[in-house]
Every structure is written in structure tokens, then in C-alpha cells.
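Work through the exercises below with the model in view, and try each task before reading its solution.

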Amino acid sequence: MNNPRFLTNFAFAASLWIASVTAWGQDPLPSWNDTASKKSVQAFVERVTRQDSPDFVPVERRIATFDNDGTLWSEQPYYFQLAFALDRIKAMAPDHPEWKNQQPFQGVLDGDLKAVMAGGEKALIEIVAATHSGMTADEFEQIVTQWIDTAKHPQTGKLYKQMVYQPMLELLDYLRANDFKTFIVSGGGIEFMRPWTLETYGIPREQVVGSSIKSRYEIRDGKPVLVRLPEVNFIDDKEGKPIGIHMHLGQRPIFAAGNSDGDWQMLQYTTIGHSPSFGLIVHHTDADREWAYDRQSHVGRLDQALDDAQQQGWTVVDMKRDWKTIYPSK
């Protein structure tokens, strides 16, 4: 606890938290318990938005980036975009009878995920190539929109888009109310996320950074279209996240939030050697209301970033301790 950044945040927190609540007229983060995590967030926002503060940041530089899977919505037992791809395999199966005897598609159709995962990265690439390409960008968006509006999680019975974190929705609103521009920077597909991020998070499509596949420009029936190809264009994960931020945003964030080692480099890029800045890690510790996992998880593994958190002064949000609720009530 001797990290200078942590001590500075915490020292500001006690006095500024009450002022922040008073300024809003009510608590801007009502789903957060009044723990050090919440106070550190509010202290940082107060420091960078108060004009007489030595850490004041002009509006144009108030950039906040958020990972999506495991940070803004759940990601267990596997990434929700994979659930989309698995559902697409089942929907497309009548047009591909050969899949009944061909892995990894056979495993998907038989409900044997162990067989699918045994194929490793190669199998997942095959599944994504089959389900995410071969159509125009507009056609893909229609497919994603229909799925996100109807598909339900197999364990909770909730729509996937209902499994967003209420405390993080409040944090996004709180930052935007203080003139932050909020971006998603995710390893998920950029065109998978864009159709629904505005409705779900209040983040418009042009503020979404993600992985992508290649596209080709064509004229079909006299109209220009973009055709999705079964080739990887860019992977927005790990060291790819700072690159994606640089390409899409053109400036370094001052606030970054993630939940796994896939966000480690984004947190480093945002905070190390740059002040004022803020790093936040969502730590999944609540097995009753969500899931509890970190170092040994195959999905959302949090190991190196967790070790780095105290040294770098990143705020680790303990879901069980710091959040009053997980999902929105409606």
C-alpha cells in the first residue's frame, strides 16, 4: 500500500467523495458499495475535472477505454461471441450436410464442446470463418442484431445483452457526465459489437475498437457492398490493444478498464509513465451472483495483470465486496 499513486488517490477520496455526491445531488454510482475502489474512481474524476486542480485534464483529452468481455458484460462459460458462432453453425447446418461428420462442426452439432475445444485455435478459426464471412457487412449486421435481441444464456436464461454489469453502466454514465469520451477496446469482433453497443452501453459504433476480418469491395446488383472474407485482418488483444487505440483514437487514454491479462498492455500503455491516469481491473470473485475465476481460468485469465496491479497503483474492483448488484434489475 506504499504506492504513491494509490496513496494520492486514497487521500483525495475521503474529502472529495462527499463533494462529488453533493455536486450530483445523488450518488452517481449507487450500485457500488462505499469501499476504497469506488472512492478511488471518484477521487480521480474529481482531480482531473476540477479546473483549479494541478491534475486538471482538458475535455479533449478525457479519453476512457473499456474492455468488453468480462469488464462490461459476463464472459463465462465462454465468450458470448463464440456462443453466437455456435448458434450460427446450427442455423447453417441444413445447407452443410458434410458438417455432420466433420470436426469441429460435428462437435457443435452434437453439443460436444470438449470435442470442439480439443481442436484448439485452429478449430475456433474454422468456426469463425464459417459463420462470420461470405456475406456482406450489412447482412452480417442484420444477423448479429437478430441474435443479440433473442439469444439467451444457457445457465441464467437472461438475454446475453441483459448480462451487462450495472455498476459499469453507472461508471460509463458518470464518466460521460464529466465530459469523458468512452470507448470499447475489445478482443471481440468490431462488427459483432457495433450493432448493439449504443443501445446497451451508450457507446456509438464509431467509438468501438475490436478485432476484424478482411473485406472486399464489390458491385452487386448495381450496388456497392463490402463482402466479408475468411481472413484475419487485425487482432485487438494483448499488445494489439495499444496499437488499436493508436490507430482508431489517435491519442492515449487517461482511464482504462479491463479484467484479464488480455488487457494488461492497455493498462500499461494508459498509466505507466503518464499522469494523471487511472487503471481499473474487474476481479471476478462472486461465485454466487456471477462467477469466481482469475489465474487458472481458460476464459478471462487474470494473472500477470493482477500481480502488477499493486505496483502500478491500479484499482482492483472485487465484485463480491465492491458491488451491491451485478446485473440490471430490468
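**Exercise 1.** Find how helix 2 and helix 8 are oriented to each other, and which residues make the contact.

Solution. In this predicted model, helix 2 (residues 36-49) and helix 8 (residues 166-177) pack at an angle of about 15°, and their axes are 11 Å apart. Angles under 35 degrees count as roughly parallel, and helix 2 and helix 8 are therefore roughly parallel to each other. On the side of helix 2 the contact (heavy atoms within 4.5 Å) is made by Val41, Gln42 and Val45, and on the side of helix 8 by Leu171, Tyr174 and Leu175.

The model being predicted, local features need pLDDT of at least 70 and side-chain atom pairs pLDDT 80 or more, while totals for chains, interfaces and linings use all residues. Residues are numbered from 1 along each chain as its sequence is written, and side-chain values use heavy atoms, with hydrogens and water left out.

**Exercise 2.** Decide whether helix 2 is mostly covered or mostly open.

Solution. Twelve of the 14 residues of helix 2 are buried (under 20% relative accessible area, with a 1.4 Å probe and protein chains only), and helix 2 is mostly covered. The buried residues include Val41, Gln42 and Val45, and also Lys38, Glu46 and Arg47.

**Exercise 3.** Describe how helix 11 and helix 12 are placed relative to each other.

Solution. The axes of helix 11 (residues 240-248) and helix 12 (residues 264-271) come within 7 Å and cross at roughly 55°. Lys241, Pro242, Ile245 and His246 of helix 11 make the contact with Gln265, Met266 and Tyr269 of helix 12.

Note on methods. Axes are lines fitted to C-alpha atoms, for helices over the stretch in contact, and angles run from 0 to 180 degrees between N-to-C directions. Helices (H or I, at least four residues) and strands (E, at least two) are DSSP runs, numbered from the N terminus. Angles under 35 degrees count as roughly parallel, over 145 as roughly antiparallel, 65 to 115 as roughly perpendicular and the rest as oblique. Buried means under 20% relative accessible area, exposed over 50%, partly exposed in between (1.4 Å probe, protein chains only).
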